[in-house]
Amino acid sequence: MAARRGSAPKLGDVLLVTGSEGFLADRAVRSAIAAVKKDSAEVETTELDSSLLDVGEFAELTGPSLFATERVLVLRALENLSADMAPRVIEYAGAPAEDVLVVLVHSGGQKGKGVLDKLRKASVTEVVATAPKAWELPQFVSGEIRLHGGSIDERAATALVDAVGHDLRALAGACAQLVSDSDGHAVTTELIGQYFGGRAEVTSFAVADAAIQGRTEPALEQLRWALDCGVAPVLVTSAMAGGLRGLAKFSSAPGGMREADLAREVGVPPWKLKSLRQQSRGWTPGGLATAIKAVAQADADVKGASGDAGYALERMVITVSRAHGRR
């Protein structure tokens with residue numbers, strides 16, 4: 001996630017944006033420009049690749065303006081800054097012009113690290129753009145939804161990640177669209193299904209969730225719909241296997257553990273414990289063993305052991321859902 005040191009950028013600042021997550025880095029640059037333009041009627045913005053920067057151009061873009069113009073200079077790919085220009089940029093960072101905001105963008109990695117270290121010693125404001133871990137993506141979704149004035153619960157946020165994937169630009173776009181079309185209501189799994197129901201991931205997990213909750217008919221309906229949408233059978237068995245593995249780890253974890261320790265033991269983010277706690281009700285070790293065995297058989301069947309993948313999946317769903325509550 002993007003992390004910031006210091007206050008909002010303003011004219012007279014040098015902002016350093018570092019990290020490999022391009023979407024968050026671009027957002028930090030746009031936010032900085034917007035913050036300056038909010039307080040100034042006319043701001044001249046220039047973006048350059050650092051490798052193309054020369055002494056004369058840098059002096060012109062950061063020096064006194066003949067027309068008293070307030071300016072933003074964005075230098076991309078700071079890691080490619082030439083050896084001749086590096087000392088000048090570092091020197092400028094120590095005494096920036098009052099009517100210019102300079103944004104220095106470094107795309108991560110070790111190249112140019114010496115320049116970064118010296119800029120940090122000059123006490124520039126820094127935004128670190130690092131990609132969230134996979135289990136943090138629902139939190140990212142929740143934040144995006146709130147950013148646009150909407151609301152969403154953990155289950156729906158997870159469903160959106162399952163449906164759209166891990167690309168932050170795609171997730172951010174989906175969040176903006178869903179809030180825009182939700183008419184002021186919370187973004188729900190049903191609304192997500194209307195937009196992204198054809199995505200393999202969300203339909204596979206819908207089948208698994210219903211079966212693990214012991215809801216046979218809804219699970220079969222979701223399965224038939226998934227197969228009609230062209231979802232690969234192996235994705236259904238994979239989702240079911242993942243759900244049962246998490247449930248088995250949760251059920252066998254030692255009692256009395258703290259939430260954070262329990263999450264590490266099970267191998268899930270802390271917010272997932274709530275749904276696992278709900279799913280675990282009605283499951284016994286014998287029932288779990290039966291369900292896991294049925295999924296293993298179905299997985300072998302859809303990979304070639306059986307000529308009818310649809311029948312194998314239906315049998316798996318029925319067996320798993322009926323194993324719920326079995327002793």
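A residue is called buried here when its relative accessible area is under 20%, exposed when it is over 50%, and partly exposed in between, with a 1.4 Å probe and protein chains only. The structure is a predicted model, in which local features need pLDDT of at least 70 and side-chain atom pairs count only at pLDDT 80 or more, while totals for chains, interfaces and linings use all residues. Residues are numbered from 1 along each chain as its sequence is written, and side-chain values use heavy atoms, with hydrogens and water left out.

The interior can be taken in terms of nonpolar cores, each a set of buried Ala, Val, Leu, Ile, Met, Phe, Trp, Tyr and Cys residues joined through side-chain atoms within 4.5 Å. The largest of these has 42 residues, and Val17, Val103, Val141, Leu160, Leu171 and Ile192 have the most contacts inside it. Helix H1 (residues 22–39) gives the largest share of this core, eight residues. Helices are DSSP runs of H or I with at least four residues, numbered from the N terminus. Another core, of 36 residues, lies apart from the largest one and includes Leu244, Val266, Leu273 and Trp283.

Ile192 also belongs to helix H8 (residues 189–196), where the buried residues are Leu191, Ile192 and Phe196. These residues are on the same side of H8, because they cover an arc of only 110 degrees around the axis, the arc being that of the directions from the helix axis to the C-beta atoms. On the face turned away from this buried side, H8 carries the exposed residues Glu190 and Gln194.

Aromatic contacts come next. A pair of aromatic rings is described by the distance of the centres and the angle of the planes. Rings of Phe, Tyr and Trp (its six-membered ring) pair if their centres lie within 6.5 Å; planes under 30 degrees apart count as stacked, over 60 as edge-to-face and the rest as tilted. The count by this rule is two aromatic pairs. Phe23 and Phe140 form an edge-to-face pair, with 6.4 Å from centre to centre and 80 degrees between the planes. This pair links distant parts of the chain, since Phe23 is in helix H1 and Phe140 in helix H5 (residues 137–147), 117 residues apart. Phe23 is buried at 7% relative accessible area, and Phe140 is buried at 5%. The rings of Phe58 and Tyr92 are also edge-to-face, because their planes stand at 75 degrees with the centres 5.6 Å apart. Phe58 lies in helix H2 (residues 55–62) and Tyr92 in helix H3 (residues 86–94), so this pair ties together parts that are 34 residues apart in sequence. Both Phe58 and Tyr92 are buried.

Salt bridges, in which a side-chain nitrogen of Lys or Arg is within 4 Å of a carboxyl oxygen of Asp or Glu, number 16 in the whole structure. In one of them, Lys10 and Asp13 have their closest N and O atoms 3.3 Å apart. Lys10 is partly exposed at 47% relative accessible area, whereas Asp13 is buried at 15%. Within helix H4 (residues 113–121), Lys113 and Asp117 lie four residues apart, about one turn of the helix, and their side chains meet in a salt bridge of 3.1 Å, N to O. Arg277 and Glu259 also meet in a salt bridge (3.1 Å, N to O). Arg277 is in helix H13 (residues 272–280) and Glu259 in helix H12 (residues 259–266), so the pair ties together parts that are 18 residues apart in sequence. Arg277 is partly exposed at 32% relative accessibility, and Glu259 is partly exposed at 42%. Finally, a network of salt bridges links Asp26, Glu47, Arg76 and Arg169.

Terms used:
Helices (H or I, at least four residues) and strands (E, at least two) are DSSP runs, numbered from the N terminus.
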